[in-house]
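Colleague: I have the model open. Can you take me through some of it in plain terms?

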Amino acid sequence: MDPEVKHLTEYSIYGKVLIGLLVLTTFTILVPWVNLTAYTALIALLLASTKAGIVMTYFMHLKVEYSLLKILVIVVLLIYATVILLTFSDYIFR
Amino acid sequence: MNKILIRIKKSELEMISMDHIEMQRDDIGAKLGMWIFIFTEILLFGGLFLVYAVMRHRYSADFHQASLQLNSFIGALNTVVLLISSMTVAMSISAVQKKDKRMATILLCITLLCAVIFLVDKYFEWGHKISILLYPGTELMQSLKHGYILFFSLYFFMTGLHMLHLIIGAIVLLVALVKVRMGLINEDHYVLLENGGLYWHLVDLIWIFLFPLLYLVT
Amino acid sequence: MTENDNLHVEPSYLTDTGKRKGITAWLTTTDHKRIGLLYLWSIMVFFIVGAILGETMRTELFKPGQQFYGPQTYNAIFTLHGLIMIFLIVIPGLTVVFGNFVMPIMIGANDVAFPRLNLFAWYLYLLGAAVVVISQFTGNGPPDTGWTFYAPYSTQTHTNVIAAVSGAFILGFSSILTGINFIVTIHRLRAPGMSFFKMPLLPWAVYATAWVQVLATPVIGITLLMIIAERVFHIGFFDPALGGDPVLYQHLFWIYSHPAVYIMILPAMGVITEIIPTFCQKQIYGYKAIAISSLAIAGVGSLVWGHHMFTSGMSKEAMWIFSLLTFLVAVPSAIKVFNWVATMYKGAIDLKPPLLYAIAFIFLFSIGGLTGLVQGALATNIQVHDTSFVVAHFHYIIFGGTGFAFLGAVHYWYPKMFGRMYNFRVANIAWCFLFIGFNLLYFPQFIIGVEGMPRRYFDYLPQFTTAQQISTIGGYILGIGFIILIINLFRKNGAKATANPWGGRTLEWRLASPPPMENFSTQPSAPDNPYDYE
């Protein structure tokens, strides 16, 4: 872990992040109106994941945290994704 | 790996009791502990999302029909409200770092107000469903198609568990607000606010996924 | 810092030196060593209850037909036996007793990262245990579902499932808090100069275990909540009549409960890895391999849960994927076994009681592990699933593995914890009874399992009688062994222990036996090699 340096994020950064999130939320709402059939769920999930990533990076300060924490977050999410995939290896092929 | 332990001023040291060892303050450790706790919450909701994924895979058409019963406007409003509250709680940390107690107070109050708005919205949403007997366990529910039953069970379970976490998060932030007012959270000592903020962002993250998965099913 | 520091100056952690005295001091302690002992006493009490339940089952099974209680009672007893042994003994066991007592000292720390959280976790443990006990006596009777609470039976039976499941939920929370505590401790409180790869291997094992505790336990948490919701609100996730899938319950349950067995075995392997170098006075063979294999077992072991479900109706694709992963996870375990044996090769072997338990571990764990492969292969699984072959397998791994490692750990760190030695001859005699009794009890179960003896059955066909009787006698021999062991260790008339009676190299052997409340008055410097023999 790097020595703790106090990171102070200006209010304006947070404001810009919020605007970005609201834009993505708007897309999320509009997506069902655009008939993308089977891909709609995937796009919705991708949009949600992007928003989640932005919240974690900026609001939860992952951007300025030490690398161990960033690695842990990624590893945990990968493990979770693998568990879902493995469970679906049952349900998809039944 | 270098560890920086922030030494507390001698005047703030507690009496060393021989019942336990006086521990030096470790903000990095406290935050790491909070992040690990957040991982456990992700896995907790993860189990529910797994059930959702399996059931939606099995009953995709029914899920779409059932989700039309939900009020997407309120869902979207709640999403916006939580995003704003995440911003304000993050800003409140900057305010504390800037020694701006007034701004920190205002921001935390807005955060808590957002929590209240969310809960009020949920009260109306759930209240409506309950008034028409559309909740798990009723005869009406049991008479519906399987996909509908499972959708509504998931809806109530997931939003209910989320609401519980929201209330806990709000209480933590309320405590943080009190401590900010009392000066116990200040520019040298704000890890409690950071950790409370992290927990609050988790509540936001869960909703970011719940919203499209429950309200915008196609 | 010399070996004689701390020896004559400070009172030990067992002496009350603070404002509070006696029981109050213990119940409000935040010292990791005392908390380790609090857990040790609790676990001992619950183990005696669980063991007695086991002995009654063995007695009932001495002959076909009912001996002294009927099938409903039998079902309730194996459920409680499983709940106690799994959630109160082997899952917390090594982690909360020796992870608490020894691990911080081994990394040169004065306590864990969150001492008050540590005490809170112990209280949660007691609360969870109390709720499980209460579930036996309230409502419509003790649960008869087995500790696995499979749906749909668990959602429909009138017995007291909600209480038992709530108890398990609370216990899970305790496990999670301990896991968080240990991860942060190992990341933040290692002595200067002690990188991860200069840490002894017990902290490595505890670290890997803590990650499993933290990531897997929430899944059983939510699953148990689903069971409660199903019983109260008929949410239908696992009920085919409402569109649900009982196999989904099994997925969710085993997504935790398989990693749970790695929570049980990883610290056990860590203990063995500490005992063997000491009693061979030799550097551990393959330090890095053992360290990494702990993480590998934790990681791959989280992906094999489907092997409990081969006969449940999963897709063929899922079945062979899980079978393949199951075979893969055997590899890092085998690596450890090779490394332990290689360490002993040409070592100066001193056959003290801890080493006896370690050697027994290697033998019993290997049998357990190899029979696991029989179950991991799809074709043979069909033959042995839900038979007493499985019962024998998991008792070899959990009891022969974790259990014997626990006893080995007790005999290894006893002088450190209590400042006294114990009688070696009597300890060895107890070991003989335990080892012989154990094998007599469980080995016949492999044989009749393959021949068709189902598990969780209160009665059986006459052809299995001889094997069952051998088992029961083995169970009694085992019981005698425990009685001898406990009496031997409770007799506090051994010689005073020196700081390092075994010639170990890890940091706990530099402290007095028993250690002072404050482990290190000056922060120790990390040795370059934690197993620095000759």
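**Helix packing and chains**

Modeller: H1(A) and H2(A) are roughly antiparallel to each other, a label for angles over 145 degrees. This is a predicted model, where local features need pLDDT of at least 70, side-chain atom pairs count only at pLDDT 80 or more, and totals for chains, interfaces and linings use all residues. Residues are numbered from 1 along each chain as its sequence is written, and chains are lettered from A and ligands numbered from 1 in the order in which they are written.

Colleague: At what angle do H1 and H2 of chain A pack, and how far apart are their axes?

Modeller: The angle between H1 (residues 11-30) and H2 (residues 39-59) of chain A is about 170°, and the axes are 10 Å apart. Axes are lines fitted to C-alpha atoms, for helices over the stretch in contact, and angles run from 0 to 180 degrees between N-to-C directions. Helices are DSSP runs of H or I with at least four residues, strands are E runs of at least two, and both are numbered from the N terminus.

Colleague: Which residues of H1(A) make the contact?

Modeller: Among them are A:Ile13, A:Val17, A:Leu24 and A:Phe27, and the H2(A) side includes A:Leu47, A:Lys51 and A:Ile54. Two residues are in contact if their C-beta atoms, placed from the backbone, lie within 7 Å.

Colleague: How many helices and strands does chain A have?

Modeller: Chain A has three helices and zero strands. Its radius of gyration, taken over C-alpha atoms, is 17 Å, well over the 12 Å that the globule rule gives for 94 residues, so chain A is more spread out than a compact globule. That rule is 2.2 Å times the number of residues to the power 0.38. The C-alpha trace of chain A spans about 50 × 30 × 10 Å along its principal axes.

Colleague: Different topic. What is the mean pLDDT of chain B?

Modeller: It is 90, and 89% of the residues of chain B reach 70 or more. pLDDT is the predictor's confidence in each residue, from 0 to 100. Over residues 1-21 of chain B, pLDDT stays under 50.

Colleague: How many residues of chain C are in contact with chain B?

Modeller: 40 residues of chain C are in contact with 32 residues of chain B. H9(C) gives the largest share of the chain C side, nine residues.

How values were computed: Angles under 35 degrees count as roughly parallel, over 145 as roughly antiparallel, 65 to 115 as roughly perpendicular and the rest as oblique.
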